[in-house]
Amino acid sequence: MLDFAIFAVTFLLILVGAVLYLYPASRQASGIPGLAPTDEKDGNLPDIIVSSSLHEFLVNLHEKYGPLVSFWFGRRLVVSLGSIDLLKQHVNPNRLLDPFETMLKSLLRYQSSLNGDTGESHMRRKLYENGVTKSLQSNFALIQKLSEELLAKWLSLPEAQHVPLCQHMLGFAMKSVTQTAMGSSFEDDREVIRFRRHHDAIWSEIGKGFLDGSLDKNMTRKKHYEDVCTWAVYFLTTSEDVQQNLYKEMDRVLGKGPITHEKIEQLRYCRQVLCETVRTAKLTPIAAQLQELEGRVDQHTIPKETLVLYALGVMLQDSSSWPSPYKFDPDRFNEELAMKNLSLLGFSGSQECPELRFAYMVATVLLSVLVRKLYLHPVKGQVMEAKYELVTSPKEEAWITVSKRS
């Protein structure tokens, strides 16, 4: 009888353990509010797909449950932080690694290790930053030349003609990236068009993989150059005052001469315009880190090996951090706190990624050429909707018109 009782208890424990492993709904998310899995195998993936993007899913989740939420990606627990205050609390022993690589490796079931490749990641980042710095210095004249070519193209258009902003910015970005990275062979427009065809196909797969976790770890992951320029020009068309203030600064600092690498630092208002562009567009809506050791945020325990998302798109339009968050207002970055918040989110200062630094430089050169020669106008009745992937871009073509400054 005793043997049977021991057997029964043992069998029951094994059964309970199997249920806990096989059915994620039965596992507790450490008391963190959020969703139970809607599918035994896929967790909350069906909910994400219904929401159209991971960012929009997180917006709805944080609106319903608050700044700290949890959900399930397959059988993996995911915790999302939706406020800057919680981000400040999140102390993670794995230090600062590449956020996209961290997220994708986690979703693809890569094993983490406290003795892993942290040093290698920092070494790679340092080499990458040095490479970007050298590229900025050696290709400054090229970026200016390409900006002048775009200006000439726009000046040749009738004033009433609608300009396909996304198409032109993509072409400008393609030429900038290919020629700075791969040299003069991409001066031929046919080579750029061929490259763009492959780019569009790959980026389509990246967007799909970002949603369903099927992304290959070696794929390209960012296209900041194109989208910073696109959103900056678009937002300038929506505010004559901001456009005029930017023109005045350009005229005061640069006069009639060309922009130089040294004078970029003096264009303080231009940098505020670009910072506000990144914030308003929610340029990078999500970042991530893997919780190497058990941690705590807001009195809640985050278990080891949990994927922690930083819902940057939610934080960038949180009214507790940004007054009138949906208004395009570069003047908000006159305040030191606003710059600190943006730096904390990785869009400025020491946490700024090399790609974004390059994008800021390219956008500054482009604006210095366009704004001093052109008025940028919106097309009446146009409603701009965003598409949220790894980088936020317009869902459809953005149309503008231009006219020559007298």
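Reader: What makes strand 1 and strand 2 count as a pair?

Author: In this predicted model, strand 1 (residues 68–73) and strand 2 run antiparallel and are joined by six bridges. Two strands pair if there are at least two bridges between them, so these strands qualify.

Reader: Which other strand pairs with strand 2, and in what sense?

Author: Strand 7 (residues 307–310) does, in the parallel sense over four bridges. Val 78 stands opposite Leu 307 there.

Reader: Why is strand 2 called mostly covered?

Author: Six of its six residues are buried. Arg 76, Val 78 and Ser 80 point one way, while Leu 77, Val 79 and Leu 81 point the other way. Side chains in a regular strand alternate between the two faces of the sheet.

Reader: Why is Ser 53 called buried?

Author: Buried means under 20% relative accessible area, and Ser 53 has 3%, so Ser 53 counts as buried. Ser 53 sits in the loop between helix 2 (45–50) and helix 3 (54–65).

Reader: What makes strand 3 and strand 8 edge strands?

Author: The open sheet has the order 3-11-8, with antiparallel pairing. Strand 3 (163–164) and strand 8 (374–378) each have a single partner strand, so one side of each has no neighbour in the sheet.

Technical notes: Residues numbered from 1 in each chain as written. Predicted model: local features only at pLDDT ≥ 70, side-chain atom pairs only at ≥ 80, totals over all residues. Heavy atoms only, no water. Buried < 20%, exposed > 50% of the residue type's maximum accessible area, 1.4 Å probe, protein only.
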